[in-house]
Amino acid sequence: MKKGKTFIVSGPSGVGKSTVLQALLSKRDDLYFSVSATTRPAREGETDGVHYHFLDVETFQQWIAEDQFLEYAEYVGNFYGTPKRFVDEAMERGKDVILDIEIQGAIQIAAKRPETIRIFIAPPSWAELERRLSSRGTDSQEKIQKRLVRAKVEFQTAHTYDYFVINDSVENAVRELEAIMTAEHCRPQERMEIISGK
Ligand code: 5GP
């Protein structure tokens, strides 16, 4: 069976990545969403093992020591990491894998696995991003400010990604993500068995 591909989706906090990815995943059962581990406390409505594996700092450090992460990074005072095993198992089963991770993690994976496709999702404007972060009502003013500062830093790296998607509406963003994934599977190297006549 042909191995699946890995797609990294990065973008500023509050850009609506989770909503877009949920909409994409509900349409497609051939995709695997990588559930990250984090030391951040669960938000209301988040379930352990579904949205994140919520770990304490000691357990997170133990996972690092056991080399269980494909990448990990610190983000606004908490650790986040991608457990390697589930990603590799899903790819072996032929599933495309989606990683919702920030830029430091994306850089680590690009170095280890350069074939990974990296997609940046941007908000339609800064004002809209600020509005979305505030209306979420889950973070303190201080955390919102930190996330905005971080968002501006992340935005400056957007040109290093393979694709740039603007989340002006969930529908449009999902359509663009699907187009990217389809196009990546139409590369000649993906179809070598046909090209070489085997
Ligand atoms: P949030 O706290 O809003 O759920 O996530 C904060 C940031 O952490 C987001 O930009 C998200 O993409 C990123 N993130 C989530 N999981 C991971 C991960 O496993 N690794 C890295 N490097 N970043 C992650």
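Visitor: What makes Arg28 and Glu178 buried?

Guide: Arg28 is buried, and so is Glu178; the term buried stands for under 20% relative accessible area, exposed for over 50%, and partly exposed for what lies in between (1.4 Å probe, protein chains only). For Glu178 the relative accessible area is 17%, so this residue falls under the limit for buried. The model is predicted, so local features need pLDDT of at least 70 and side-chain atom pairs count only at pLDDT 80 or more, whereas totals for chains, interfaces and linings use all residues. Residues are numbered from 1 along each chain as its sequence is written, and side-chain values use heavy atoms, with hydrogens and water left out.

Visitor: How do you know what Glu178 touches?

Guide: Contact requires heavy atoms within 4.5 Å. Not counting residues up to four places away in sequence, Glu178 touches Leu24, Lys27 and Arg28. Glu178 itself belongs to helix H7; helices (H or I, at least four residues) and strands (E, at least two) are DSSP runs numbered from the N terminus.

Visitor: Why is the meeting of Glu178 and Lys27 called a salt bridge?

Guide: A salt bridge needs a side-chain nitrogen of Lys or Arg within 4 Å of a carboxyl oxygen of Asp or Glu. Between the side chains of Glu178 and Lys27 the N to O distance is 2.9 Å, so the pair qualifies. Lys27 lies in helix H1 (residues 17–27) and Glu178 in helix H7, so the pair ties together parts that are 151 residues apart in sequence. Lys27 counts as exposed because its relative accessibility is 55%.

Visitor: What makes Arg28 a partner of Glu178?

Guide: The side chains of Arg28 and Glu178 meet in a salt bridge with an N to O distance of 3.5 Å. Arg28 lies in the loop between H1 and strand E2 (31–33) and Glu178 in helix H7, so parts that are 150 residues apart in sequence are tied together. A network of salt bridges links Lys27, Arg28, Asp30 and Glu178.

Visitor: How many salt bridges does the structure hold?

Guide: There are 16 salt bridges in the structure. One of them joins the side chains of Glu190 and Lys2 (3.8 Å, N to O). Glu190 is in the loop between helix H7 (170–184) and helix H8 (192–195), and Lys2 is in the segment before strand E1 (6–10), so this pair connects parts that are 188 residues apart in sequence. Glu190 is called buried because its relative accessibility is 14%, while Lys2, at 45%, counts as partly exposed.

Visitor: What makes E4 and E5 edge strands of the sheet?

Guide: The open sheet has four strands in the order E4-E3-E6-E5, with mixed pairing; two strands pair if DSSP finds at least two bridges between them. Strand E4 (52–54) and strand E5 (69–75) each have a single partner strand, so one side of each is left without a neighbour in the sheet. From one strand to the next the twist averages 25 degrees.

Visitor: How do you know that E3 and E6 pair?

Guide: Strand E3 (residues 36–38) and strand E6 (residues 78–83) share two bridges in the antiparallel sense, so they reach the required number. Thr38 stands opposite Tyr80 in E6. Helix H2 (residues 57–65) packs on the sheet, touching E3, E5 and E6, and its direction makes about 140 degrees with that of E5. Helix H3 (residues 84–92) also packs on the sheet, touching E4, E5 and E6, with a direction at about 30 degrees to that of E6. Such angles run from 0 to 180 degrees between N-to-C directions, along axes that are lines fitted to C-alpha atoms, for helices over the stretch in contact.

Visitor: Why is Thr47 called partly exposed?

Guide: The relative accessible area of Thr47 is 40%, so the value lies between the limits for buried and exposed. Thr47 sits in the loop between E3 and E4 and, leaving aside its neighbours within four places in sequence, is in contact with Tyr52 and Phe54.

Visitor: What makes Phe155 partly exposed?

Guide: Phe155, in helix H6 (residues 141–155), has 32% relative accessibility and therefore counts as partly exposed. Phe155, Phe164 and Ile166 form a nonpolar patch on the surface, with about 250 Å² of accessible area together. Patches consist of residues with over 30% relative accessible area and no salt bridge, where like charges are joined within 9 Å and nonpolar side chains (Val, Leu, Ile, Met, Phe, Trp, Tyr) within 5 Å. The areas come from the Shrake-Rupley method with a 1.4 Å probe, and for residues only the protein chains shown count as cover.
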